[in-house]
Amino acid sequence: MNDKAYAAAEGRRTGGTDPEAGDFSVASAAAVAQPKPLMLWFDGALVPADAPQAPLTSHALHYGTGVFEGIRSYATRDGAAVFRLPEHLERMRRGAELLGIEFDLAQAFDATLQTLRANGHRDAYIRPLAWLGTGLDGITVGLDVPGLRRHLMVLTLPTVVHLNGKRARLTVSPWRRNPASSLPPLKLCGAYVNSILAKRDSRLRGFDEALFVDGEGYVVECTGANVFMVKGGRVTAIEHPDALPGITRDTVIALSGAESRPVTHHELLDADEVFVCGTAAEVAPVSALDRREFGDNPVTRELQALYARVVRGEEPAHAHWLTAV
């Protein structure tokens with residue numbers, strides 16, 4: 001989106017009230033005592049999150065025809081800020097375009113900020129989702145998508161998700177990652193069944209996360225995070241055509257000066273440190289890869305601390321990555 005479009009989105013979001021402010025009179029005391037209902041943005045309006053939103057005949061429910069993003073906002077000294085929002089929404093636009101879903105970047109940008117403000121969230125996980133609904137005649141069974149209704153929602157949650165920076169134990173998955181020649185490495189809803197199968201298998205075997213390795217022994221990524229290694233103090237971002245081009249991965253490369261290249265499973269096992277990164281995982285050190293144990297991970301801890309400062313607005317050189325709420 002160009003600067004003018006973002007400026008327009010910023011202008012539309014100004015005004016409103018502080019969600020934590022209120023009239024603490026006797027008449028309003030009971031209302032203040034009640035938990036605030038979670039709101040989400042759905043097709044142009046803020047609505048209660050528990051209200052029915054989509055029919056069971058939605059095409060996306062049957063075929064996975066949707067695209068989503070995982071985005072984070074953080075509490076900073078100047079209030080809540082969303083980390084790399086334009087980049088996330090641009091990637092979402094590319095996925096929506098493949099499915100024939102009209103996607104208005106300015107609208108999604110504005111909806112994200114509206115939802116955060118309505119819920120009063122600062123440290124939050126943000127989930128925008130665009131999907132195909134029903135046809136004008138109510139028929140959704142079939143693979144043709146022209147004529148299906150397009151929908152967009154934005155949900156914000158003040159919850160910890162995925163690894164969230166914690167040390168993780170990985171295992172190589174018996175499943176292969178979707179090849180990019182079959183499914184593009186974007187956040188398409190149906191594609192993530194692949195991750196669910198691998199994650200479920202790893203959990204059943206007592207691990208925190210699964211690592212995808214291709215048929216030639218090259219590391220791809222984890223179920224929802226990119227992989228890095230450290231050897232002799234040098235940081236390497238693992239590159240693979242089937243891996244999601246992660247925005248957090250791009251951030252860590254910029255912060256560390258990491259080299260990006262293919263890495264084999266055997267080379268990863270020989271590393272001094274291994275860590276994964278993603279919007280939800282942030283920068284998470286790996287404590288073990290199957291039987292290979294890793295130590296204190298000092299380089300990872302340093303990058304983890306730097307990343308935490310960046311997303312909270314404590315590194316002025318990277319303030320352009322933050323969008324104020």
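Guide:
**The core and the ring pairs**

Leaving aside residues up to four places away in sequence, L85 touches I71, F109, T112, L113 and T323. The model is predicted. L85 also belongs to the largest nonpolar core, which has 31 residues. Those that touch the most other members are V82, L85, L89, M92, F103, A130 and L152. Two or more residues of this core come from each of β3, β5, α4 (85–99), α5 (105–119), β6 (124–135) and β7 (148–157). The largest share, six residues, is given by α5. In soluble globular proteins, nonpolar side chains tend to be buried together.

Next, the rings. The structure has five aromatic pairs. One of them is F68 with Y192: the ring centres are 5.1 Å apart and the planes stand at 65 degrees, over the 60 that edge-to-face requires, so the pair is edge-to-face. F68 sits in strand β3 (residues 66–68), while Y192 sits in the loop between β8 (168–172) and α6 (193–204), so this pair links parts of the chain 124 residues apart. F68 and Y192 are both buried.

Another pair is F83 with W321. Their ring centres lie 5.8 Å apart with planes at 85 degrees, so this pair is edge-to-face. F83 is in strand β5 (residues 79–83) and W321 is in the loop between α9 (298–311) and β17 (322–324), so the pair ties together parts 238 residues apart in sequence. F83 has a relative accessible area of 5% and is buried; W321, at 8%, is buried. Ring pairs also bring in Y307, forming a cluster of F83, Y307 and W321.

Key. Residues are numbered from 1 along each chain as its sequence is written. This is a predicted model: local features need pLDDT of at least 70, side-chain atom pairs count only at pLDDT 80 or more; totals for chains, interfaces and linings use all residues. Side-chain values use heavy atoms; hydrogens and water are left out. Rings of Phe, Tyr and Trp (its six-membered ring) pair if their centres lie within 6.5 Å; planes under 30 degrees apart count as stacked, over 60 as edge-to-face and the rest as tilted. Helices (H or I, at least four residues) and strands (E, at least two) are DSSP runs, numbered from the N terminus. Buried means under 20% relative accessible area, exposed over 50%, partly exposed in between (1.4 Å probe, protein chains only). A nonpolar core is a set of buried Ala, Val, Leu, Ile, Met, Phe, Trp, Tyr and Cys residues joined through side-chain atoms within 4.5 Å. Contact means heavy atoms within 4.5 Å.
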